[in-house]
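Please read the points alongside the coordinates.

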Amino acid sequence: MQRLILAVCGLILGAGLIFAGVVTAGAQAALQGNWIATKVVTDGAASPEVVGHRLSFSGDRFEIKSTNGKKVYAGTVRTDPKAAPAAIDFAHNLGALNGKTWKGIYRLDGDTLIVCDNAADLAKGRPAAFEAKRGSGYVLLTFVRAK
């Protein structure tokens with residue numbers, strides 16, 4: 001009887017883990033492709049030099065290229081769509097940020113992606129709202145899906 005109970009508990013736990021993986025995979029699948037930055041606010045100020053940068057997602061990888069096509073950032077991305085708001089982490093494996101992670105939140109609305117993260121100050125924790133007020137250490141980016 002004890003073995004039966006353990007087996008049933010194992011099946012329930014396993015099904016829950018599989019479902020959680022499917023939800024996360026589905027959220028990351030929705031992000032796949034190329035995105036273009038249309039509006040960027042860093043620490044309360046507009047950052048027009050970042051507008052036009054391209055963010056691309058391929059599997060669990062991300063890459064950011066400047067407007068001239070130069071790779072600026074790259075690494076792995078992890079999402080948690082069940083968090084409120086949904087969480088996103090960009091773990092870098094290139095250049096000065098190698099080994100560091102931007103912690104952020106995101107919202108996907110059709111072909112618009114909004115990300116708020118701690119890229120301006122890695123000592124800050126994950127933002128709780130989609131805002132980048134002066135002194136916050138946060139960056140608020142709006143992207144549109146590239147056609």
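Which strands each supply at least two residues of the lining of the largest pocket?

1. In this predicted model, the strands in question are β1, β3, β8 and β9. The pocket itself holds about 310 Å³ of space. Its lining comprises 17 residues, and the closest to the centre are V50, I64, Y73, W102 and L141.

2. The largest nonpolar core contains 20 residues, and L55, F57, I88, F90, L113, V115 and F143 have the most contacts inside it. Two or more residues of this core come from each of β1 (33-42), β3 (54-58), β4 (61-65), β6 (87-92), β7 (101-109), β8 (112-117) and β9 (139-145).

3. Leaving aside residues up to four places away in sequence, V115 touches I88, F90, I105, Y106, V139, L140, L141 and F143.

4. How many of the seven residues of β9 are buried? Five are, and the strand is thus described as mostly covered.

5. β9 pairs with two strands discussed here. With β1 the pairing is antiparallel over seven bridges, and R145 of β9 is the bridge partner of W35. With β8 the pairing is also antiparallel, over six bridges, and V139 of β9 is the bridge partner of D117.

Definitions and conventions:
Residues numbered from 1 in each chain as written. Predicted model: local features only at pLDDT ≥ 70, side-chain atom pairs only at ≥ 80, totals over all residues. Heavy atoms only, no water. Core = buried A, V, L, I, M, F, W, Y, C linked by side-chain atoms within 4.5 Å. Buried < 20%, exposed > 50% of the residue type's maximum accessible area, 1.4 Å probe, protein only. Helix = DSSP H or I, 4+ residues; strand = E, 2+ residues; numbered from the N terminus. Contact = heavy atoms within 4.5 Å. 1 Å grid on protein atoms, 1.4 Å probe; cavity = no way out; pocket = protein on both sides within 12 Å on 5 of 7 lines; lining within 4 Å. Points joined across faces, edges and corners; volume = space filled by probe spheres on them. Pairing = 2+ DSSP bridges.
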